[in-house]
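Hi there,

Here is the structure I promised to pass on to you.

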Amino acid sequence: MERFASWVEGLMRERGYDIDSPRGGGRSRLAEDAGVHRAAVTRLLQRQSLPDLETMRALARVLGVGLRDMLIESGRVTADDLPLPGAGRSGAAASGPGAGRVTPAEAADLLGIPDSHRRQFVEMTEMIIAVGGVRPADAHGGVQRGVSASR
């Protein structure tokens with residue numbers, strides 16, 4: 001708990017949230033920016049409790065870190081529990097057809113797309129792949145890992 005809260009405090013300071021002065025308003029501003037209850041931020045920073053998954057997802061977005069990093073830093077999971085894409089692959093599976101590719105559904109998981117938007121994300125991605133002439137790695141419509149889209 002201590003390590004995670006210290007890590008989040010460091011991120012908050014780096015992102016300009018004033019949490020050091022009594023009336024800085026950093027906690028309230030972070031809660032507002034993330035769309036979470038101020039009490040959740042306060043409990044975290046006072047080392048009383050860890051945020052739930054949805055709160056972590058919102059904090060990760062606002063603080064500019066991945067949900068994977070947030071979960072690992074919190075101690076809820078280990079890096080082995082959430083391997084990076086392509087990690088742990090070996091032999092023919094890593095070098096054969098389709099190596100380094102993910103399906104739109106896998107991409108949704110890797111990107112942390114919420115369930116409420118998952119179907120739209122997958123359908124839109126499949127449409128872009130079809131219209132763009134991207135050659136899928138396999139019948140599942142995989143796209144190349146490590147290729148980042150500009151924001």
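Predicted model: local features only at pLDDT ≥ 70, side-chain atom pairs only at ≥ 80, totals over all residues.

The protein has 151 residues, and 28% of them count as buried. Its exposed surface comes to about 9600 Å², with carbon and sulfur atoms supplying 52% of that area.

As for the fold, you will find eight helices and two strands. If you trace the elements from the N terminus, the order is α-α-α-α-α-α-β-α-α-β. I also looked at contacts between residues at least 6 apart in sequence: 49% of these join residues at least 24 apart.

Now, the pair of helices. Helix 4 covers residues 53-63 and helix 5 covers residues 67-74. How do these two helices lie against each other? Their axes come within 9 Å and cross at roughly 120 degrees. Angles from 65 to 115 degrees would count as roughly perpendicular, and those over 145 as roughly antiparallel, so helix 4 and helix 5 are oblique to each other. The crossing is right-handed.

Which residues make the contact? Helix 4 contributes Leu53, Met56, Arg57, Leu59, Ala60 and Leu63, while helix 5 brings in Leu67, Met70, Leu71 and Ser74. Sorted by type, the residues of this contact are eight nonpolar, one polar and one charged.

Note on methods: Residues numbered from 1 in each chain as written. Heavy atoms only, no water. Helix = DSSP H or I, 4+ residues; strand = E, 2+ residues; numbered from the N terminus. Buried < 20%, exposed > 50% of the residue type's maximum accessible area, 1.4 Å probe, protein only. Contact = heavy atoms within 4.5 Å. Areas by Shrake-Rupley, 256 points an atom, 1.4 Å probe, with all protein chains shown as cover. Axes fitted to C-alpha atoms, helices over the stretch in contact; angles between N-to-C directions. Parallel < 35°, antiparallel > 145°, perpendicular 65-115°, else oblique. Left-handed = near helix turned anticlockwise from the far one by under 90°. Nonpolar A, V, L, I, M, F, W, Y, C, P; charged D, E, K, R; others polar.
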